[in-house]
Structures are given as C-alpha cells and as structure tokens.
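Please open the model in a viewer and keep the sequence alongside it.

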Amino acid sequence: MHNNIKPMVKNFNNQDTKEILLKAAREEFFEKGYEKASLRNMCNKAGLTTGALYFFFKDKRDIFNHIISPLLEEIQATIAEHYAREQEMADIDIEISKMVDSGDIEVSVNILKTMYKYHDECVLFLNTSDVSSDFINKVIQYSEGHYTILFEKLSRTSDFDRYIIHWISHVQIDAFVHLFMHEENEEEALAKIPSIISFIVHGFYSYLEEVKNRVE
C-alpha cells in the first residue's frame, strides 16, 4: 500500500513559505528587539512549525541577517560607488576645489533615504549593538582607508596626521546615526544633510590644503 502523503518538509521548499516566515520574523523583531525575539513566536505567527523555519534558516541570527541585509547592501553599494568616483577624480589630478563638489551631499542624501526606506530594519539594526557596532566599525575602517589614499594622492605626501583622517571617518558615520535616531521626520532630516556634510567636507579639504601648502 502506497502512502500518498508527502513529507511535510517538501511543502517548505517555496518562496511563499519563506516570505511568510520573514514577515512573522519582522513583526517579532520590530516588536521585541533581537534579544527578546522568540523563534517559537515567529513560527506561531506564521502558522508553521519550527521544522519549516529551520528548513530555510540556520538560527535566529540567520533570520535577522536576511531582514537587515537589503539595508546594509544598499548602503555599502552607495558608498563604494561614491568612493570609486572620488578615486578616479584623484587619479586624473583634479583640482582640490573641484573635489569639494564631488557629490558628497548627494550621496549622503541617498544613504539617509535608504535608512528611512528601511526605517524599522534600521532601528532594529542600530539597537542590536553587537551587529551594528561591527558593521559601523568596518565602514569606518573602509572610509579611513579610502580617505588616506585620497589624501596621499591629492597632497602628494604621506606626512600628515592619520588621526585626523580616522576622526573624520568616525564623525561622518556618527552624523548619519545621530540624525536618523533623533529625527523621525525624513524630510526634516534630509534638510539638515547639506549643512552637516558641508561642514565635514570643508574640514577635510581645509586640512588637505594645509598639508599640501606645507609640502609645497
């Protein structure tokens, strides 16, 4: 006698089931935060068994990563594209005055728009300190490396205070986090970007001019 009932796990292998789980997981994470979120509650909200969850995801952190990854990937891609453009400008020996207008405000607006686009994901991410601090530190290190190379190309010297570059890399990331966490209204937050970024950018290039004049 043949059993026509297929194993339940076969029914898990579809995108709809995965999306149902992710929707339930988002509700649980957004309501309780990462630490207090329960896999059991996620499954109950989704009307599925824990077997379904483990078919798609390894653990709670894996689900969490699936939820926040679109936010982080968009931000990383935006930053990488901008830094590549700045390096190209430096390679053709462009004037510093033109580097000041290399699109820092525009790219900063795009980053902040992405943060508000994924508002709940971003709040969850920033409130999950071990994950957010690790990502933010990597972005700071990436920025510091970029600005160091940029500084060396434009000043034609490596004789400058590396701490200034490190500090500026910190300040610009802190500016985004602080603005997002303290300003609920996206339009008002975006309106503050030009002044904030202009202050940081002009500080960077002012120090660059100082170093360049000293070398010359």
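Which helix gives the most to the lining of the largest pocket? In this predicted model, that helix is helix 4, with five residues.

**First selection: the largest pocket**

The space inside the pocket comes to about 180 Å³. Helix 4 (60-91) and helix 8 (129-155) each contribute at least two residues to the lining. Sorted by class, the lining of this pocket holds five nonpolar, three polar and two charged residues.

Next, display helix 4 and helix 8 together. Two packed helices are described by the angle between their axes and the distance between the axes. Here the angle is about 5°, and the axes of helix 4 and helix 8 lie 11 Å apart. Helix 4 is therefore roughly parallel to helix 8.

To view the contact from the side of helix 4, select Arg61, Phe64, Ile68, Leu72, Gln76, Ile79, Ala80, Tyr83, Glu86, Gln87, Ala90 and Asp91. From helix 8, the partners are Asp130, Val131, Phe135, Val139, Tyr142, Ser143, His146, Tyr147, Ile149, Leu150, Lys153 and Leu154. The residues of this contact comprise 15 nonpolar, four polar and five charged.

How many cavities of 30 Å³ or more are counted? The count is one, and the largest cavity holds about 410 Å³ of space. To find it, select Ile79, Ile111, Gln172, Ile173 and Phe176, which are the closest to its centre of the 30 residues that line it.

Two or more lining residues come from each of helix 4, helix 6 (104-117), helix 7, helix 8, helix 9 (162-182) and helix 10 (186-215). Helix 4 gives the most to the lining of the largest cavity, with seven residues. By class, the lining of the cavity divides into 24 nonpolar, four polar and two charged residues.

**Last selection: confidence along the chain**

Finally, colour the chain by pLDDT. The mean for the chain is 90, and 91% of its residues reach 70 or more. Helix 7 (residues 119-127) has the highest confidence, at 97, whereas helix 5 (residues 96-99) has the lowest, at a mean of 68. Now select residues 1-10, where pLDDT stays under 50. For this stretch the model has two contacts beyond four places in sequence. Where pLDDT is low, the predicted coordinates should not be read in detail.

Methods. Residues are numbered from 1 along each chain as its sequence is written. This is a predicted model: local features need pLDDT of at least 70, side-chain atom pairs count only at pLDDT 80 or more; totals for chains, interfaces and linings use all residues. Side-chain values use heavy atoms; hydrogens and water are left out. On a 1 Å grid over the protein atoms alone, a cavity is a set of points where a 1.4 Å probe fits but cannot get out, and a pocket is an open set with protein on both sides within 12 Å along at least five of seven lines; lining residues have an atom within 4 Å of a point. Grid points are joined across faces, edges and corners, and a volume is the space filled by probe spheres set on the points. Helices (H or I, at least four residues) and strands (E, at least two) are DSSP runs, numbered from the N terminus. Ala, Val, Leu, Ile, Met, Phe, Trp, Tyr, Cys and Pro count as nonpolar, Asp, Glu, Lys and Arg as charged, and the others, Gly among them, as polar. Axes are lines fitted to C-alpha atoms, for helices over the stretch in contact, and angles run from 0 to 180 degrees between N-to-C directions. Angles under 35 degrees count as roughly parallel, over 145 as roughly antiparallel, 65 to 115 as roughly perpendicular and the rest as oblique. Contact means heavy atoms within 4.5 Å. pLDDT is the predictor's confidence in each residue, from 0 to 100.
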